[in-house]
Each structure stands twice: as C-alpha cells, then as structure tokens.
Amino acid sequence: MAGNWSNGVLERLRQLEGSVERSAVEQERAEQSHGRLQQLQATVRQLRAARDRLRSTVSTGAAGDMQELLVQLGSRSGQRPGQDELATAVLREKLAPLRGFAQVYRLTGISGEMRDSSTMRFCIHTAYEGTYLDSYQLDMRLQQPCKLLRHNLPACIPLQQAAGELLQRDLPAFLEAVHGMLNAYASRRYQLQQMQEHCDWTSQIRKNTAYNLLRFHYPVGDGETEQDMRVKLVYEDLNSCLPTGVTITCTGSAEDGMQERLERHRQFLLSQHLHRALTSIKDQEVLL
C-alpha cells in the first residue's frame, strides 16, 4: 500500500517536472519570437526608408545614387545584388511613374509601351484641329543614361538638340518638346496641302522639307489689270504653325493704295492659317 502511494507521488512529481520544462521551453520560444519580431520590424523600417530614398533618387535620374542605395540594401540583407538585379530594380522604380505618365499623355498625343525589359517605345500622334494626321515612333533605352535607339521622325526635327537639352534631366519635358515640333510640322504641311486643294489661284509653290519656308504667287486684279503677288512665309519658331515673317511684293506696288492693300494681305497671312488667310484675301478682293 505504501509502495503504491510512493509510486503515485513520484509519477506526479515527474508530471510536474515535465510541465515546468515545457513551460520554460515555451517561454524561451516566446522570448525568441518576440526578439525576432522586433528585428523584423526594424528591418521593415530600414527597407521602407531605403525605398523612399530610392524613389526620390529615381525621380531625379541619378543612376549612381540609385546603384549605391541598392548595394547598401543588399549588404544589410546579407546578399549583394548583381548587375541584373540592380538594373531590374532601377527599371521597376523608373517605369512605375512612366506608366502613369504614358496613360495621361495618351490623351494629349503621346503614348508608350514596353518593348522589352529595358526599352520603351513612345508613339507621338499629330493632329490639326481634330483631324488626325501622322504618328511617329521613338524607341528609348530607359537605363541611365537614357539613350535614343531608333525613330522615324523627319530629319528636319532637331531631335538630338532636344535630347541634349532635356532627355537626361526631364523626360516628360523632352517628349512634350518633340511632340510640339512634330505637331507644328504636320500642321504646316497640312495647311499647304489645303491651299493646293482649295486655293487653285495660287501658283509657283516652293517649300523646304521642314515646311518652315514657303514661296508662292497669287494674282490680284482691279477689273482692268492684274497684279502678280509674290509671297514669302518664314516660320522661325518650329513649334508654331503661324509664320513669324511675311513678305509680299508685286509689280506696280508704288501705285496709290497698293501698299495699304499689301499690308492687309500680310496681316491676314500673319494671323490666320495659310489656306484660311488666302480665302480671306480672296473674299476681300471680291468686295473691293
């Protein structure tokens, strides 16, 4: 009887000892988990701070600073990123704002799509008062430094000059500048086409490839004699579809009232698009 009681006490003591050991192990695990959690939370805060610095650096286009940040980030995690990982991370951050940018600019004549992991194709659309004209494509490497790869823009567009001034420091401004020049170029060409189609009294039309220097003739009569008006239009501003300079000469320009007449024609050509200015001139001459 005493032996059974002793065995029961020993068994109970072993159960209590095991329970204490399990509690100690669980407490140790909990303390380790808490410490690990604190470490992870600290790491998350560091990563978020590094991400914010990286995004700020990306927005300024400083490729060297971006690479340094990524290397630091890799050293903290015990892994040093390779060049491919660096390039991928930089591009991911670089493309995030560009995707939104391309969506917004789609409404104003610029859209973009990725061609591969490092190349983006921008499509620049031109129009004249709601009439769709032409589209031009521009492929660009987005890794710093940004580089123009290929395009189908007219040779008269000073693309390299615009790239040298804007590409590395302000990509949206670069695309806006190119779009402005292309749209003005297409608009000047469209105006000339409209003049040829609807103003059949014009003749001897000459132009250059940029459509920013035009020469043509048109007749003006007073019922008895006919004067040959010789016009020269100069567009010094490649972003404009209105001329900055108009010169009109004609035979008999010394006649009474002719200088005033020429000035009226010149003002029409300065203030209105080409085909409309010529229509206004013709309407005025009919009234006279």
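Y211 counts as buried at 12% relative accessibility, where buried means under 20% relative accessible area, exposed over 50% and partly exposed in between, with a 1.4 Å probe and protein chains only. The model is a predicted one, in which local features need pLDDT of at least 70 and side-chain atom pairs count only at pLDDT 80 or more, while totals for chains, interfaces and linings use all residues. Residues are numbered from 1 along each chain as its sequence is written, and side-chain values use heavy atoms, with hydrogens and water left out.

A search of the whole structure finds three aromatic pairs; rings of Phe, Tyr and Trp (its six-membered ring) pair if their centres lie within 6.5 Å, and planes under 30 degrees apart count as stacked, over 60 as edge-to-face and the rest as tilted. Y211 takes part in one of them with Y185, and this pair links distant parts of the chain, since Y185 lies in helix α5 and Y211 in the loop between β5 (203-207) and β6 (213-221), 26 residues apart. Y185 is buried too, with a relative accessible area of 9%. Two of the pairs are set out below.

| Aromatic pair | Centre to centre | Angle between planes | Class |
|---|---|---|---|
| Y185 and Y211 | 5.8 Å | 70° | edge-to-face |
| F216 and Y218 | 6.4 Å | 35° | tilted |

Both F216 and Y218 are buried.

The chain has seven helices and eight strands, taken as DSSP runs numbered from the N terminus (helices H or I with at least four residues, strands E with at least two). Four of the strands form an open sheet in the order β1-β2-β3-β4, with antiparallel pairing; two strands pair if DSSP finds at least two bridges between them. Because β1 (110-114) and β4 (147-151) stand at the edges with a single partner strand each, one side of each is left without a neighbour in the sheet. The twist averages 30° from one strand to the next, the axes being lines fitted to C-alpha atoms, for helices over the stretch in contact, with angles from 0 to 180 degrees between N-to-C directions.

β1 pairs with strand β2 (residues 119-128) over five bridges in the antiparallel sense, and S111 stands opposite C123 in β2. Helix α4 (residues 159-167) packs on the sheet, where it touches β3 (131-141) and β4, and its direction makes about 150° with that of β4. Helix α5 also packs on the sheet, touching β1, β2, β3 and β4, with its direction at about 35° to that of β2. β3 and β4 run antiparallel and are joined by four bridges; they form a hairpin with five residues between them, and L138 has H151 in β4 as its bridge partner.

S187 lies in helix α5 and is buried, with a relative accessible area of 4%. Leaving aside neighbours within four places in sequence, S187 is in contact (heavy atoms within 4.5 Å) with A127, Y128, L133 and C241.

The largest nonpolar core has 46 residues, and those with the most contacts inside it are M140, F174, Y218, L233, L269 and L274; such a core is a set of buried Ala, Val, Leu, Ile, Met, Phe, Trp, Tyr and Cys residues joined through side-chain atoms within 4.5 Å. Its largest share, nine residues, comes from helix α5 (residues 171-198). Beyond its neighbours within four places in sequence, M140 has contacts that include F122, L149, L171 and F174. Buried residues make up 36% of the 288 residues in the chain.
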